[in-house]
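Open the model in your viewer and keep the sequence panel beside it. The tour goes from one selection to the next and says what is found at each stop.

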Amino acid sequence: MSHDREKRDTRRFGFGILAELEPKHRQRLAIRGRFETLEPGQYLIHQDTDHHALSVIIKGMLVVSCHAHGDYLELARLDPGHTVGEMSLLDPQKSSADVRVVDHPARVWTIGGEDFNQLTESDPT
């Protein structure tokens, strides 16, 4: 990814759960995590797999769904500003649902659990 695009993505970081952070803290998070583009139909998370990361949706729409009692249930549709996987940072269990891109390419930022823990230990603010 180009440096200019990464700077633009970092500026878009001021929404959702990140809105209250000071710009310098958002910048530190952005550098620790990774930005990626996901195509329609691509999965960010698969149900019943290990997933220890927090993702913030920057662009696009993702659908949260799960297999339960022989049915495939759509639980939610998430648009920019929503987060996915935050519980896995606190309680590293297997994923309880699938999270998949719908319609158009999506842009997400993800930070793994280990990077998140290192960051919060080095600067708890």
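A residue counts as buried under 20% relative accessible area, as exposed over 50%, and as partly exposed in between, with a 1.4 Å probe and protein chains only. This is a predicted model, in which local features need pLDDT of at least 70 and side-chain atom pairs count only at pLDDT 80 or more, while totals for chains, interfaces and linings use all residues. Residues are numbered from 1 along each chain as its sequence is written, and side-chain values use heavy atoms, with hydrogens and water left out.

**The whole chain**

Start with a cartoon view. Helices (H or I, at least four residues) and strands (E, at least two) are DSSP runs, numbered from the N terminus. The protein has 4 helices and 6 strands, and from the N terminus on they follow the order α-α-β-β-β-β-β-α-β-α. Of its 125 residues, 38% count as buried.

Accessible areas come from the Shrake-Rupley method with a 1.4 Å probe, and for residues only the protein chains shown count as cover. The accessible surface of the protein is about 7,500 Å², and carbon and sulfur atoms hold 50% of this area.

Contact means heavy atoms within 4.5 Å. Among the contacts in the protein with a separation of 6 or more, 74% are between residues 24 or more positions apart.

**Helix α2**

Select residues 23-32, which form helix α2. Which residues of α2 are buried? They are His25, Arg26, Leu29 and Ala30. These four cover an arc of only 140 degrees around the axis, so they are on the same side of α2. The arc is that of the directions from the helix axis to the C-beta atoms. Turn to the other side of α2, where Lys24 and Ile31 are exposed.

Next select Asp98, which is in strand β6 (residues 98-112). Asp98 is buried and has no salt bridge. A salt bridge is a side-chain nitrogen of Lys or Arg within 4 Å of a carboxyl oxygen of Asp or Glu. For charge, Lys and Arg count as positive and Asp and Glu as negative, while His and the chain ends are not counted. The nearest side chain of opposite charge to Asp98 is that of Arg100, 6.8 Å away.

What does the side chain of Asp98 reach at 2.6 Å? It reaches the backbone nitrogen of Gln47. Leaving out residues up to four places away in sequence, Asp98 touches several others, including Tyr43, Ile45, Val63, His67 and Tyr72.

Cys66 is buried, at 10% relative accessibility. With residues up to four places away in sequence not counted, Cys66 touches Gln47, Asp71, Tyr72, Leu73, Leu75, Ser96 and Ala97.

**A buried loop residue**

Select His51, in the loop between β2 and β3. Is His51 buried or exposed? At 13% relative accessibility, His51 counts as buried. Its contacts, apart from residues up to four places away in sequence, are with Leu44, Ile45, Ser88 and Ser95.

**The salt bridges**

The structure holds 3 salt bridges.

- Lys94 and Asp50: their side chains meet at 3.3 Å, N to O. Lys94 lies in the loop between α3 (86-90) and β6 and Asp50 in the loop between β2 (43-45) and β3, so the pair ties together parts that are 44 residues apart in sequence. Asp50 is exposed, at 54% relative accessibility.
- Glu36 and Arg34: the N to O distance is 3.5 Å. Glu36 is partly exposed, with a relative accessible area of 22%, and Arg34 is partly exposed at 46%.
- Glu74 and Arg77: the N to O distance is 2.9 Å. Glu74 is partly exposed at 48%, and Arg77 is partly exposed at 46%.

**Two positive phi angles**

Finish with the backbone. Select His69, in the loop between β3 (53-68) and β4 (71-78). Its phi is near 55 degrees, a positive value in a residue other than glycine. His69 is exposed, with a relative accessible area of 85%.

The last stop is Asp103, in strand β6. Asp103 is not a glycine, yet it has a positive phi of about 60 degrees. Asp103 is exposed, with a relative accessible area of 60%.

Note on methods: A polar contact is a pair of N or O atoms within 3.5 Å; within protein, one must be able to donate a hydrogen and the other to accept it, and residues adjacent in sequence count only if both atoms are side-chain atoms.
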